[in-house]
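Here is a short report on selected helices and strands. The structure comes first, and the packing and pairing follow.

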Amino acid sequence: MWSLIQRQSFAEYVTLTKYKINVNWTPKINREQLIQGLLPDVKVPTSVKDVRYCLISYLDDHVSLESAFTVRPLPDEPRHIKCKLNGPNTLQMGEELQGEIEVMITDQYGNQVQTMTSACLNSLGVAGPGLDKSNLKITWQESTLTMRVKGIRFKPCSLGSKQLCLAWREFSDFLRLNLTAGSPAKLQFVDWPELEKPVAVINGRELQKPLIVQVCDQWGNPSPEPNVKISLTKSNNLKIVPSNHQHKTDENGRANLGVISIHAPRGEHTLQLKALYNKTALDCPIITLNVLPDPEKPICLNVKYDKDASFPAGGTFPDFVVSVLSEDDNIIKNINPARISMKMWEAQSSETRTVIDVTTFSCSKVKDDKEDGFFYFRDKVIPERVGTYCIQFTFAMDKTNMLSSDQIIVEVVPNDPVRLLPDYLPATPAVSNVRTLTSRTLVKDLRLHVMDKYNNHTGIDLVGKIIAKIKSPNEDDDIEIPQFQGKVSTLEFPFDRGSAAINLVLAENSPGRDSTEYVLVFEPDLLGLKKPLEPYRLSFMFYNDFKKQQQMAALTKERDQLSQSIGVYRNWLDTTNQLTTELKRQVKQAETRETHLKSELKKHQIELPQTNTLQYVDSVIKQKMLDQERVMKQPRRTCTLPNYPKGNQDILGKIAHLAQIEDNEAAKVISWHLASDMDCVVTLTTEAARSIFDETQGRQQVLPLDSIYKKTLPDWNRPLPHLRNGKICFKPVGNPVFARDLLTFPDNVEHCQTVFAMLLGDTIIIDNLDAANHYRKEVVKITHCPTLLTREGDRIRSNGKFGGLQNKAPPMDKLRGMVFGAPIPKLYSAFSGQIDLLQQYRAAVVKLDNVNQELDLHLQTLNTPEMQQKKKELAEQEKSLKEIEQKLGMTPSDKVTESVLQPVMLELCDTPIPTKRMRREMVKKLYNSEEWISCTTKKQQQQQTLHMSPSELNGTSRKRKA
């Protein structure tokens with residue numbers, strides 16, 4: 001157009017044609033500029049990729065003309081750099097970034113500057129926190145006119161988001177990378193610091209915290225690697241519970257091995273973890289456990305007694321002193337003496353299969369002057385039968401487990417000699433002075449032994465003789481005395497090794513009164529006796545007529561049979577009466593016990609029905625236990641400060657665990673007041689304190705009680721300062737009370753009182769600061785005022801200073817668990833007392849029912865026709881015996897029957913409360929009809945009776961069960 005129209009003519013033309021010229025880049029055209037030959041301004045795009053096509057058109061009625069041109073933008077001067085990451089933005093610790101960073105130089109509009117060359121590399125810098133530039137590489141890409149950055153990695157540092165800065169000249173750009181843990185390389189324990197030192201644990205106890213393992217890289221950063229198999233290895237003498245040794249990590253790379261308990265001998269033991277990742281073993285930690293003996297676990301019984309003492313039959317044992325030793329070889333105290341018992345039984349050979357009868361003795365009462373932890377068995381009776389016995393002491397650890405001592409073998413020897421006795425009781429001899437030898441024989445092959453008062457053979461070392469004489473039953477009677485063969489009045493028999501063999505025959509035509517009773521007297525004449533022995537006496541009947549002698553011999557034989565039978569009957573009657581009396585006594589005792597417990601339950605508002613008592617008591621006990629469990633589960637304040645392991649009996653524990661306080665506000669202010677002492681471990685001895693000091697390398701503060709000067713400690717029962725000589729000096733406000741009176745001690749009360757008397761002194765708890773100031777102002781008028789603590793958390797020191805942060809207790813949660821715990825609720829103790837009473841009452845009801853049943857059964861048995869027949873037979877036999885003795889002209893045989901009865905009577909008297917098993921066996925034995933001896937017994941039964949042991953017929957002592 002410009003070629004057709006000159007500029008001047010164009011202006012005129014425009015003026016003539018007005019608005020027939022159009023452009024496509026703007027709807028408005030400035031006419032004045034167009035007249036001057038200027039087209040509207042064309043705005044250049046900011047992007048070099050935006051090419052602008054410009055069109056100019058002219059249109060009238062005759063002609064249409066167009067002209068066009070293109071505007072191509074060019075990059076401006078460098079103003080920015082643009083960074084682009086090709087690849088993921090996450091990298092592991094120790095690994096290089098997988099992708100490349102592309103750096104481009106742009107103008108202010110982001111257009112790449114095309115004039116850049118490789119020389120610009122020198123101006124590019126890369127920086128970032130923890131960036132490792134050792135393998136950093138920057139290259140020039142000629143094809144794209146960009147810079148490439150490779151080898152990005154970080155030094156060991158914290159994980160998470162990392163900002164990378166790239167700078168060129170004065171321009172910079174930032175990239176955000178995510179740094180994660182490196183490849184799994186090792187395992188680490190969570191919340192277990194200082195594993196380089198042995199971890200103290202008491203044998204049989206659990207570790208203080210659960211074992212939680214974290215998979216980590218080589219720099220210790222947690223690695224969230226799941227399903228890594230972890231196994232736990234240990235030495236053979238180390239047992240852990242639970243015994244599951246295989247574990248896997250979760251999605252966070254953690255494995256919880258739980259809280260394990262350790263069972264191992266005293267000393268150091270190791271626990272090691274093993275794990276594999278991609279067939280490569282990970283570096284696993286080793287825990288060294290310092291297993292300490294359990295001071296509360298009994299392992300043996302220590303028994304002390306005089307080992308040089310002898311054990312004569314029927315005497316008393318020397319005192320046995322028993323103590324229970326724990327794993328640390330110390331004596332366990334505070335043990336109920338009822339849990340210690342002494343058992344004794346007669347030793348048996350391996351061939352013997354009889355049931356062992358065990359005698360149990362309880363512990364004697366503890367004397368005040370004896371140490372705690374020692375149990376005495378005094379004045380226990382030695383068995384009356386000679387032999388070898390085993391003694392063993394037992395400790396009932398619980399309802400099922402018993403701890404027994406080593407067996408003590410004792411040899412019971414005979415007691416001092418007291419009498420002469422034969423092997424068996426001979427029949428009453430009936431002799432005459434005729435020529436026939438058998439009719440004149442008094443005793444044949446009779447062996448007399450020296451015995452103690454319990455009928456044990458003794459006197460083996462005695463030497464001497466036995467002198468036989470014949471005497472009249474009544475010393476005053478002046479009658480003829482028969483003579484022995486050879487017309488002698490006395491005979492001597494040698495005594496050797498504890499016995500003498502006796503054979504006696506009357507002289508032919510011996511003097512003597514016909515049908516007269518005489519007594520054979522055997523007097524011992526032995527050397528070395530401390531006391532003279534009782535002679536043995538044997539009655540016999542003397543007859544001048546042979547025929548009469550035969551008749552009287554038959555009567556004598558019948559008399560002996562009747563005497564034995566009557567003795568058994570009387571034995572039965574006496575035993576039955578004693579058993580009836582004992583059962584009635586037990587019934588009365590059980591009724592008294594049941595009535596007493598019922599009244600005690602009424603005091604606790606527990607009424608019992610008349611019927612279905614046991615079912616009701618069981619339901620009440622169950623409900624009380626549920627209530628007790630509910631109370632126990634209620635949340636209450638606890639001290640979260642870990643206690644020091646009590647590996648030694650001399651360790652009481654940390655001060656924070658020694659006491660409990662019920663009131664929350666008082667617990668807070670007292671705990672804060674003693675904050676610097678709460679972590680201190682209290683010991684009984686300086687040696688134990690020094691041991692803890694050495695184990696912790698001086699980091700643990702300790703307090704030995706044997707280093708406290710106790711004379712300056714305040715009296716635990718001292719009255720408050722405003723009370724003087726039983727009088728109130730002024731009326732206080734704010735409910736003052738000694739801080740020590742708010743403490744309760746679960747264990748070791750006396751030692752704990754010493755500790756807190758020293759720490760708290762006479763510190764007083766009062767309601768608020770105003771009441772405390774008033775109380776102090778009044779007290780100082782009469783005496784020294786101790787430190788005052790308010791329930792609101794304020795403190796007035798003993799010098800009167802208060803105020804400031806150092807005298808204001810923080811909130812409870814700021815004490816970080818170093819606070820005294822709350823005691824078990826009183827309601828729990830109330831439920832415990834009620835449950836105990838109910839259980840006692842139930843046992844009393846069951847016992848009363850059992851003894852009533854036994855008594856009824858016993859009384860029913862006594863009223864049976866069979867028992868009535870036995871009583872009738874006894875009366876008949878006593879009448880027959882009396883008639884026979886009148887015919888024989890003999891004295892009544894009370895002594896014989898008495899000697900038969902005495903052993904059983906003594907045995908029953910020695911057992912005040914026969915056990916159920918003993919009573920059943922006794923009744924079974926007494927009521928067995930096969931054992932009754934009547935006047936019509938056969939010769940075999942007679943011989944069996946006559947050959948009973950001396951202890952059953954001639955003795956006066958009882959048998960004693962081993």
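Contact here means heavy atoms within 4.5 Å. The model is a predicted one.

## A covered helix

Helix α7 spans residues 664–673. It is mostly covered, with eight of its 10 residues buried. Buried means under 20% relative accessible area. The buried residues are Ala666, Ala667, Lys668, Val669, Ile670, Ser671, Trp672 and His673.

What do the buried residues of α7 pack against? One partner is a helix, α9 (749–760). The others are the strands β43 (660–661), β50 (764–766), β51 (788–790) and β52 (795–796).

## A helix pair

Two packed helices are described by the angle between their axes and the distance between the axes. Helix α5 covers residues 613–633, and helix α11 covers residues 826–862. They pack at an angle of about 160°, and their axes are 9 Å apart. Angles over 145 degrees count as roughly antiparallel. Therefore α5 is roughly antiparallel to α11. The crossing of the two helices is left-handed.

On the α5 side, the contact is made by Thr613, Leu614, Val617, Asp618, Val620, Ile621, Lys624, Met625, Asp627, Gln628, Val631 and Met632. On the α11 side, the residues are Leu827, Tyr828, Phe831, Ser832, Gln834, Ile835, Leu838, Gln839, Tyr841, Arg842, Val845 and Val846. How do the residues of this contact divide? There are 15 nonpolar, five polar and four charged residues in the contact of α5 with α11.

Strands of a sheet pair through backbone hydrogen bonds, either parallel or antiparallel.

The partner of β4 is β6, which spans residues 100–106. These two strands pair in the antiparallel sense over seven bridges. Cys83 stands opposite Val103 in β6.

## A hairpin

Strand β2 (residues 52–59) and strand β3 (residues 64–71) run antiparallel. Eight bridges join them. A hairpin of four residues leads from β2 to β3. Leu59 has Ser64 of β3 as its bridge partner.

How values were computed
Residues are numbered from 1 along each chain as its sequence is written. This is a predicted model: local features need pLDDT of at least 70, side-chain atom pairs count only at pLDDT 80 or more; totals for chains, interfaces and linings use all residues. Side-chain values use heavy atoms; hydrogens and water are left out. Axes are lines fitted to C-alpha atoms, for helices over the stretch in contact, and angles run from 0 to 180 degrees between N-to-C directions. Angles under 35 degrees count as roughly parallel, over 145 as roughly antiparallel, 65 to 115 as roughly perpendicular and the rest as oblique. A crossing is left-handed if the near helix is turned anticlockwise from the far one by less than a right angle, and right-handed if clockwise. Ala, Val, Leu, Ile, Met, Phe, Trp, Tyr, Cys and Pro count as nonpolar, Asp, Glu, Lys and Arg as charged, and the others, Gly among them, as polar. Two strands pair if DSSP finds at least two bridges between them. Buried means under 20% relative accessible area, exposed over 50%, partly exposed in between (1.4 Å probe, protein chains only).
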